[in-house]
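Student: I'd like to take a close look at one chain of this model and then see how it meets its partner. Could you walk me through it in one go?

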Amino acid sequence: MKKLIKQPMVTGGTLFIVLLLVGSFLYSALVEPPKPEKMLYDSNGDIIALAPFPPSAQFPLGSDIDGNNFMLKLLEGAKFTIGLSILVALGRIVLSAIGGYLLFLLPGSFRKFLAGLADTFHYAPVTIFTYVLIAPVVMTFSWSYSTPTKIIFPMLVLVLISVPVLSLYVQKELDLIAQKEFIDSAKVMGGSHFHIFKAHMAPFLNPKLLIIFIQQVGQVLIIFAHLGLLKVFIGGTDVRVLEYDFETGDATTASFSMSNEWAGLIAQNFQYVNSFPWMILAPVTAFALTILAINGIVYGLKASPTYRRKKKKAKASSPSYTVSAESFELRN
Amino acid sequence: MVRSFFTRTAIQFLLTSIGIFLIGSLPYLLFNMESQLEVLKMIERKELNNTLFLSDNIVMNVGAYVTNIIDTIAVIFSGNADQYYARGGVWPLFPEFWEAYLQSMQYLIASLFIALVAAILLTILTMLLPTHRRRLPKAFLFVMESLPDIFIILITQITIIWIYKKTEILLFNITSGFGEQAILLPILVLSFLPALYIYKYLLLSFEDEEKLLYVELARGKGLNRSRILLIHIFRNSIFTLFNHFKGIFLFALANLLMLEVIFEIKGFMTFIFQNGVLNNEIVTMGLFMVFLPSFLFFTVTQWFLEKSFNVMGDP
């Protein structure tokens, strides 16, 4: 653990995400959101600008159509977006670890059969699959499903959609570990399947699972962003309300159970992409920064010795000397 | 040896095809599609205004699922899949779907080709640098590949609009309108991220090869650096590149969808996304239309590579 903290990429990335989450929770709990102003006045009381305002000192990332500060909106939404993606990634990892272990126990022919079926996922992007399965509930037939279904079902789809491929990956890793010699000796000593898994294989598997977990958080975030662009947002899209709003121009946020969720911000503001580009750039940049932080963590973890595939030989065996300018003395 | 390659391929082909049918009909397993479609049609014909009294649950309709799979297979093999339902009416599927497909595939193939060429050039240029100078391109690569595709697509689009507003020079057509097609820009944008990925994998594989003994031997014999790089290392990296190419292809497909949405191209992926929910056979067909040519391409290339690199162990 101490070694991990020394990795600047890991610390930096984790710090970014933790700060974002903590800030988001604190903001919602403590700060009363400022009343949006549709107009900006100068010192004489004359109107100088009308919402949405472009990025400025007062609005670092600009404002939305009602004059809400985008920076604060993003901060408020961070806990939903990042929290949900962590939840989904956790679900994926837990199910895939179980699935991978079950696959590992199965005979090889059946495994090959499943691997062949799962190959289908290599010919179509996950976004399309997810969309086709989520859209009926949250958009196309939105009238007939209750709100809890609209929130839970998309999450389940997002979890389950990548379990087949991830399970196969876990099973492959388990196969690799099972080839090691000490597994054979453990078998000879009479260890049961599960005991060998728990005592001898899990220590090798766990670091890998951690890396996949963090990678999956990034993947889920990307899918959220994609779905946002396809106008689906996780956690209560109500299309009828949206359509009603287009006609009357009323505020939309009130009817959404998860206000200011980033993907939702993309979905809501995509219509303004050409006229007020910051309104879409702000949430997309938030996604980009978070994904960058996550990739930083993954990069740092992979570079750290415990998580590397091949362990380097101990360097201590050969004492090393550093030769510098001070090593030499100038003599006449 | 050759025969086992073909059997393996045939089994793989069959399994993936079954997988496509299983996935394409999945909505019928989870939703009461038939009754829902009826309601939707009634709403769109304005026969039904109040939907508050309707409610439904997620179900497990194994019977409807199997029936739909059989129906879809029958429809596709009999060639009767020529209509689709959208916007309250039934429309002919062809040639609209086919044209969208051809257009999107042109974008995809052109940009993958550009990506490949650009990535190979970049890799060779980077490899010509001394080892300690390669850190900067690598750091650049890390940051760029972390950016989500929609970020890059949006940034490009907004930059071009910004340049247009400042200087009144329109570098590229941004969106597709009547009679005018945005061609060059989408291809360039689409090739950007795949190029980065190919560059990344190729660079890794080049650097692995560079440490091997045969490179040292070649150097010792006095072959010059670029010759070793271009002929020997490059040839040995092709196999690794090919193994990664499948993933990059899938990644480019996902990019294509986002690109079509942002650039408002009425392409293949948008067509599936807009009509796939109500017409699940379009999803199945679309998957096959991507799967068949790419599977053929991957299989032929793999066969060719295995043969010419003698991986199968033949004398």
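Student: To begin with, how many helices and strands does chain A have?

Tutor: Happy to walk through it. This is a predicted model, and chain A has 12 helices and 2 strands. From the N terminus on, the order of elements in chain A is α-α-β-β-α-α-α-α-α-α-α-α-α-α. Of the 332 residues in chain A, 48% are buried. If we take the contacts in chain A with a separation of 6 or more, 71% of them come from residues 24 or more positions apart.

Let's look at confidence before any detail. Chain A has a mean pLDDT of 77, with 71% of its residues at 70 or more. Among the elements of chain A, helix 7 (residues 163–178) has the highest mean pLDDT, 90, while helix 10 (residues 239–248) has the lowest, 43. Two stretches of chain A call for care. Over residues 237–257 of chain A, pLDDT stays under 50, and the model has 28 contacts beyond four places in sequence for them. Over residues 310–318 of chain A, pLDDT also stays under 50, and here the model has 1 contact beyond four places in sequence. Where pLDDT is low, the predicted coordinates should not be read in detail.

Start with the loop between helix 6 (147–160) and helix 7 of chain A, where A:S162 is found. A:S162 has a relative accessible area of 13%, so this residue is buried. Apart from its neighbours within four places in sequence, A:S162 is in contact with A:R92 and A:Q216.

A:D175 pairs with A:R111 in a salt bridge whose closest N and O atoms are 3.0 Å apart. Because A:D175 lies in helix 7 of chain A and A:R111 in helix 4 (residues 108–118) of chain A, the pair ties together parts that are 64 residues apart in sequence. A:D175 is partly exposed, with a relative accessible area of 23%, whereas A:R111 counts as buried at 16%. A salt bridge also joins the side chains of A:K208 and A:E173, at 3.3 Å from N to O. A:K208 lies in helix 9 (residues 193–229) of chain A and A:E173 in helix 7 of chain A, so this pair ties together parts that are 35 residues apart in sequence. At 25% relative accessibility A:K208 counts as partly exposed, while A:E173 is buried at 5%. Over all chains, the structure holds 8 salt bridges.

Next comes the partner. Chain B has 12 helices and 2 strands, which run α-α-α-α-β-β-α-α-α-α-α-α-α-α from the N terminus on. Buried residues make up 48% of the 315 residues in chain B. Salt bridges with shared partners link B:R134, B:K138, B:E207, B:E210 and B:R219 into one network.

Finally, the interface. Here 61 residues of chain B are in contact with 48 residues of chain A. Between them the two chains bury about 4900 Å², of which 79% is on carbon and sulfur atoms. On the side of chain B, the residues that lose the most area to chain A are B:F142, B:F273 and B:V277, together 12% of what that side buries. The count of salt bridges between chain B and chain A is 1: B:K246 with A:D119, at 3.8 Å between the closest N and O atoms. The rule also finds 4 residue pairs in polar contact across this interface, both residues at pLDDT 80 or more. Several elements of chain B give two or more residues to the side that touches chain A, including helix 1 (2–24), helix 10 (225–262) and helix 12 (280–309). Helix 7 of chain B gives the most to that side, with 9 residues. By type, the residues on the side of chain B that touches chain A divide into 45 nonpolar, 11 polar and 5 charged.

How values were computed
Residues are numbered from 1 along each chain as its sequence is written. Chains are lettered from A and ligands numbered from 1 in the order in which they are written. Side-chain values use heavy atoms; hydrogens and water are left out. pLDDT is the predictor's confidence in each residue, from 0 to 100. Helices (H or I, at least four residues) and strands (E, at least two) are DSSP runs, numbered from the N terminus. Contact means heavy atoms within 4.5 Å. Buried area is the accessible area (1.4 Å probe) that two parts lose on being put together, summed over both. A salt bridge is a side-chain nitrogen of Lys or Arg within 4 Å of a carboxyl oxygen of Asp or Glu. A polar contact is a pair of N or O atoms within 3.5 Å; within protein, one must be able to donate a hydrogen and the other to accept it, and residues adjacent in sequence count only if both atoms are side-chain atoms. Ala, Val, Leu, Ile, Met, Phe, Trp, Tyr, Cys and Pro count as nonpolar, Asp, Glu, Lys and Arg as charged, and the others, Gly among them, as polar. Buried means under 20% relative accessible area, exposed over 50%, partly exposed in between (1.4 Å probe, protein chains only).
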